[in-house]
Structure formats: structure tokens, C-alpha cells
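Hello,

Here is the structure for you to look over. My notes come after it.

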Amino acid sequence: MKNYLTLLFTSLQFFVFAQKQQSISGYIYDANTNQPLVGVNVQLQNTPYGTSSNLSGFYSISLPQGTYTLIATHIGYLLQKQEVIVSN
């Protein structure tokens, strides 16, 4: 039986750094149990940007403005994709 990830963008926080860097962050939960998922790989498709979720299911990635496809993967779960637009 495949499990489902819930990508929860509780706050798409945008911070301005040098060179127009922004930040995208959120929490990842198991869709059935609503428990945070640790170690979920979060990547932006076709870019070098990525991270993994911490003990609270939280992740954060700093990146330039643009349109991206966010991909979340974890062993035993179905891959999840979400298009995100990062701007000021």
C-alpha cells in the first residue's frame, strides 16, 4: 500500500538577500496520520536546489526568483510535485 505525502506550504516566506535570493519553506506530513515526516527529499526539478525535512517535517530552500517544480520523495511514499512561483 502506497502512502501519500502532504506538502503543506504553511508559509511561503520570501526574504530578500543579495542577488534577489528568496526562500521557500513549509512542513511535510503523512496524509493518513498527519504526523510530520523526517528526511523527505525536497528538490526543485532541473536545478541544483534541494534539502530534506527535519524532525518537525520542516524544510527551507533559498533560491532566486522564478517558477519551479518542487518534488518531494520519501521511501515508501508516492512522489509529490507542486509548481511554485517565487517572486517579491
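The notes below cover the sheet, the core and the aromatic rings.

This is a predicted model, in which local features need pLDDT of at least 70, side-chain atom pairs count only at pLDDT 80 or more, and totals for chains, interfaces and linings use all residues. Residues are numbered from 1 along each chain as its sequence is written, and side-chain values use heavy atoms, with hydrogens and water left out.

Sheet. Four strands form an open, antiparallel sheet in the order β4-β3-β6-β7. Strands are DSSP E runs of at least two residues, numbered from the N terminus; two of them pair if DSSP finds at least two bridges between them. β4 (50–52) and β7 are the edge strands, each pairing on one side only. Neighbouring strands here are turned by 20° against each other on average, direction ignored; the axes are lines fitted to C-alpha atoms. β3 and β6 pair antiparallel over four bridges. L44 stands opposite L70 in β6.

Buried means under 20% relative accessible area, exposed over 50%, partly exposed in between, with a 1.4 Å probe and protein chains only.

Rings. Phe, Tyr and Trp (six-membered ring) pair if their centres lie within 6.5 Å; planes under 30 degrees apart are stacked, over 60 edge-to-face, the rest tilted. There are two such aromatic pairs. Y27 and Y29 are stacked, because their ring centres are 6.3 Å apart and their planes at 20°. Ring pairs link Y27, Y29 and F58 into a cluster. Y27 is partly exposed, at 26% relative accessibility.

Best wishes

Methods: Axes fitted to C-alpha atoms, helices over the stretch in contact; angles between N-to-C directions.
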